[in-house]
Amino acid sequence: MKAMDPFNEVVEPGGVLVCRRLSRGCLDLTLDLPELRQWRRDSLHVEVRMVRPGKSMDLHAWPRRLEVCVNGTLAFGIAPPEEGHKRRDVPEDVSVALRPGENRVSVQAEDDAVEDYVLAVLLTAPRADADLARRVGEVPLDAARDRAVALLGGPTPGEEVECMTSATLKLTCPITMGRVVGPVRGKACRHVQCFGLDAYLAINRQMQAFNSRWCCPVCARVLRPVDLCGDPYVASIAAKAPRDVTDVEVGRDGGWSLPVAAPARGHRHRLFRMATEAKRDAEGSVLGPARDLTPEKGGDVLDLTPETGDVMELDDKPPEGGSPGARAARAAPLGNSLVSPRSAGAPRAVAGSPGEDPLEESSQELLVPAAPSACALLQEACADSAAALGEESSQEVITAAAPTAAAQQRHGPLD
């Protein structure tokens, strides 16, 4: 209970004024404090603390409900925690409620196991961070280096290791996330990484959760200032390593070296872009560059797909036999064969010119012969249909086919 709060240390000797167990949930005390005025001039305080020995002597704990009266006046009270919430129990300062001489103290407590609680009235003195820093121990440089090498090299047979480590020593403080300053660690900790002493004291002073203080930021072991020790080996590396280095590699001989630098983010992006362009060039040398065959907006594309009622939508079907041209016209769709995928305004490559494309040339060889064949089939189908349907129907077929011939004369051969 004395070491519970290093920021308010129990005065020695004579700092424990009263220490009693709550037997039946109530306790009456008499405090004779003839030196109270002098204590106030020395900035000393009288605190009330409680613990449950069955749980932990280092954690402060109040019963579910508590009232402490001094000289008939309520000094402080502890209400039950709200449902679904955890109460933060902290020691209480009753110096203001006391008076020089004799003081009557009455304690009323309610709890399912109220007899397990022990109450103490203590005389405490506040301690500054500098006072606590002087209580941190030191180890020789050789001992610190041998310890780091032993931990980084692996566990000793039969030894339980709590924190797994590697050959990498981090120079970053886990509290400030910057370069560690004044590196310290727990005497019983099994890790090499250290944390800054000033940052550790500051974060614990600011922490309102009293029972969550003094935990190692690396392994969560309870570490009060007397449990810490400085690490000169880590301090020497942190002083020599460049400021932009966050960790170093430690060898089995105790030496250290900078890690192999990874490529910067921008450099990795440039390498990826160069590799992508090289792959695209290699593919283009065989297949040629990718060409967009989608017609441009406003391009003049000749579409000879027959609309409803032009050629194929005849009221009377031609004879089942007929000429080969008529059967071919009925079997093959006309639209897909007569549509050119080239934009009207796109330049055409001339054989042997620098812009000649082998794939485009082969596509032209497939498309150009297809247009006359389709037109021939259409004309032959018209002739056969005219012979089968008579002169009147022939005139209608020829009239429907006339725009196609006129379009071919106007636009030239289909490509």
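Me: Where contacts in the chain have a separation of 6 or more, what percentage of them is due to residues 24 or more positions apart?
Reply: A contact is counted when heavy atoms lie within 4.5 Å, and in this chain residues 24 or more positions apart account for 72% of the contacts with a separation of 6 or more. The model is predicted, so that local features need pLDDT of at least 70 and side-chain atom pairs count only at pLDDT 80 or more, while totals for chains, interfaces and linings use all residues. Residues are numbered from 1 along each chain as its sequence is written, and side-chain values use heavy atoms, with hydrogens and water left out.

Me: How many helices and strands does the secondary structure of the chain come to, and what percentage of the residues count as buried?
Reply: Helices (H or I, at least four residues) and strands (E, at least two) are DSSP runs numbered from the N terminus, and the chain has 11 helices and 16 strands. Buried means under 20% relative accessible area, exposed over 50%, and partly exposed in between, with a 1.4 Å probe and protein chains only; of the 415 residues, 33% count as buried.

Me: Which residues have the most contacts inside the largest nonpolar core?
Reply: In soluble globular proteins, nonpolar side chains tend to be buried together. A nonpolar core is here a set of buried Ala, Val, Leu, Ile, Met, Phe, Trp, Tyr and Cys residues joined through side-chain atoms within 4.5 Å. The largest such core has 31 residues, and those with the most contacts inside it are Leu22, Leu66, Phe76, Val107 and Leu119. At least two residues of this core come from each of strand 3 (26-33), helix 1 (36-41), strand 4 (45-51), strand 5 (65-70), strand 6 (73-78), strand 8 (101-110) and strand 9 (118-126). A second, separate core has 16 residues, among them Leu132, Cys173, Cys189 and Leu201.

Me: Beyond its neighbours within four places in sequence, which residues is Leu119 in contact with?
Reply: With those neighbours left aside, Leu119 is in contact with Val18, Cys19, Arg20, Leu27, Leu29, Val48, Arg49, Met50 and Val107.

Me: How is strand 4 placed, and which strands does it pair with?
Reply: Two strands pair if DSSP finds at least two bridges between them. Strand 4 and strand 9 pair in the antiparallel sense over seven bridges, with Arg49 opposite Ala120, and strand 4 also pairs antiparallel with strand 7 (residues 92-93) over two bridges, where Glu47 stands opposite Asp93. Six of the seven residues of strand 4 are buried, so this strand is largely enclosed by the rest of the structure.

Me: Is Met1 buried or exposed, and what is it in contact with?
Reply: Met1 lies in the segment before strand 1 (8-10), and because its relative accessibility is 18%, Met1 counts as buried. Leaving aside neighbours within four places in sequence, Met1 is in contact with Arg49, Val51, Met57, Val118, Ala120 and Leu122. The C-alpha atoms of Met1 and Met50 are 8.2 Å apart, although 49 residues separate them along the chain.

Me: Which residues of helix 4 are buried, and what do they pack against?
Reply: In helix 4 (residues 197-206) the buried residues are Leu197, Ala199, Tyr200, Leu201 and Asn204. These pack against helix 2 (129-133), strand 12 (183-186), strand 13 (195-196) and strand 14 (228-230).
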